[in-house]
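Trainee: I have a new structure to read. Where do I begin?
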Amino acid sequence: MNETMVTLVGNVATAVEYRDSASGGFARFRFAVTSRRWDRQRDFWVDGATSFYNVWAWRGLGQNLAASVAVGEPLVVQGRLRVRDEEKEGQRRTFVDIDAVAVGHDLSRGTSAFRRVARGDTVGVVGKGPDGRDGPDGQEAWGREQDGGAAVGDRPAAAAAAERTFSAPF
C-alpha cells in the first residue's frame with residue numbers, strides 16, 4: 001500500500017493526552033508548524049501561515065511522548081499523513097492527522113537528555129530514583145542505561161541542567 005510519509009518541524013500546541021486502549025494505548029496532541037521566509041525588501045525573517053496537525057502515537061511511542069513532551073516544546077515529527085473529512089452541524093471540515101513513527105526534540109533550538117526505558121517498564125512516574133529525581137516506579141536501576149552506563153546523577157552538571165531547556169533561536 002502506498003503511504004505518504006512526512007517530516008514536520010514545529011511546536012507542541014496542546015498537552016499530550018494519553019489513554020489506554022485494547023490495542024496498547026495511544027497519545028494525541030496538536031502540532032503547530034509555521035513557515036518562515038526571508039524578506040529581501042525588509043532584510044529579515046518573517047513568519048508565514050501556521051498549519052495545525054493532530055499527531056497520534058501508539059503503544060510505547062505514545063507512552064514515551066506523554067512522559068517527555070510539554071506544550072511549547074520544539075519537535076521533529078515523522079509519520080504517515082492522513083487527511084479526513086467530517087461533517088458536523090451541516091458544515092464539512094477537513095482534518096490533517098499524522099500517525100507518528102518517530103518523534104524527537106528539535107536540537108537546533110535547545111538541548112535534551114535521553115533516558116532509555118527498559119522493555120516491560122512502565123513510563124509512569126511513581127517514585128524517586130536513587131539520585132533523588134522522579135523515576136519510573138521508583139526502581140533502583142532508574143537513571144541507568146540498559147547497557148550499564150553511568151547513572152543520571154553522574155552526568156556533568158551542565159548536561160543535567162540543560163535537560164528540557166528550550167529557547168527560540170530568533
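Mentor: Begin with burial. Buried means under 20% relative accessible area, exposed means over 50%, and partly exposed is in between, using a 1.4 Å probe and protein chains only. Here, Phe29 is buried, and Phe31 is buried too. Before going on, know that this is a predicted model, where local features need pLDDT of at least 70, side-chain atom pairs count only at pLDDT 80 or more, and totals for chains, interfaces and linings use all residues. Residues are numbered from 1 along each chain as its sequence is written, and side-chain values use heavy atoms, with hydrogens and water left out.

Trainee: What share of the protein chain do buried residues make up?
Mentor: They make up 28% of its 170 residues. For surface, accessible areas come from the Shrake-Rupley method with a 1.4 Å probe; for residues, only the protein chains shown count as cover. The accessible surface of this chain comes to about 11200 Å². Carbon and sulfur atoms hold 49% of that surface.

Trainee: How do I read the secondary structure, and how many helices and strands are there?
Mentor: Helices (H or I, at least four residues) and strands (E, at least two) are DSSP runs, numbered from the N terminus. This protein chain has two helices and 10 strands. Along the sequence, the pattern reads β-β-β-β-α-β-β-β-β-β-α-β.

Trainee: What is a nonpolar core, and which residues have the most contacts inside the largest one?
Mentor: A nonpolar core is a set of buried Ala, Val, Leu, Ile, Met, Phe, Trp, Tyr and Cys residues joined through side-chain atoms within 4.5 Å. The largest one here has 17 residues. Leu8, Phe29, Phe31, Val55, Leu75, Val77 and Ile98 have the most contacts inside it. At least two core residues come from each of strand 1 (5-12), strand 3 (26-39), strand 4 (44-58), strand 5 (74-88) and strand 6 (91-105). Strand 3 gives the most, with four residues.

Trainee: Which residues is Leu8 in contact with, beyond its neighbours within four places in sequence?
Mentor: Contact means heavy atoms within 4.5 Å. With those neighbours set aside, Leu8 is in contact with Phe31, Val33, Tyr53, Leu75, Val76, Val77 and Ile98. Take Val76 from that list. Val76 sits in strand 5. Its relative accessibility is 28%, so Val76 counts as partly exposed. Leaving out residues up to four places away, Val76 touches Thr7, Leu8, Val9, Ala102, Val103, Gly104 and Asp106. Now look across the whole chain. Among contacts with a separation of 6 or more, 52% are between residues 24 or more positions apart.

Trainee: How many aromatic pairs are there?
Mentor: Rings of Phe, Tyr and Trp (its six-membered ring) pair if their centres lie within 6.5 Å; planes under 30 degrees apart count as stacked, over 60 as edge-to-face and the rest as tilted. The whole structure has five aromatic pairs. In one of them, the rings of Phe26 and Trp56 have centres 5.7 Å apart and planes at 40°, so the pair is tilted. Phe26 is in strand 3 and Trp56 in strand 4, so the pair ties together parts 30 residues apart in sequence. Both residues are buried. Phe29 and Phe31 form an edge-to-face pair, 6.2 Å centre to centre with 90° between the planes. Ring pairs also link Phe26, Trp56 and Trp58 into a cluster.

Trainee: How do I read a salt bridge, and how many does the structure hold?
Mentor: A salt bridge is a side-chain nitrogen of Lys or Arg within 4 Å of a carboxyl oxygen of Asp or Glu. The structure holds 10. Glu3 forms one with Arg80, with the closest N and O atoms 3.1 Å apart. This pair links distant parts of the chain: Glu3 is in the segment before strand 1, and Arg80 is in strand 5, 77 residues apart. Asp47 forms another with Arg36, with the closest N and O atoms 2.5 Å apart. Asp47 lies in strand 4 and Arg36 in strand 3, so this pair ties together parts 11 residues apart in sequence.

Trainee: Is Asp47 buried or exposed?
Mentor: Asp47 has 52% relative accessibility, so it counts as exposed. Arg36 is partly exposed, at 33% relative accessible area. Asp39 and Arg42 also meet in a salt bridge, at 2.8 Å from N to O. Asp39 is buried, with a relative accessible area of 9%. Finally, salt bridges that share partners join Arg82, Arg84, Glu86, Asp97 and Asp99 into one network.
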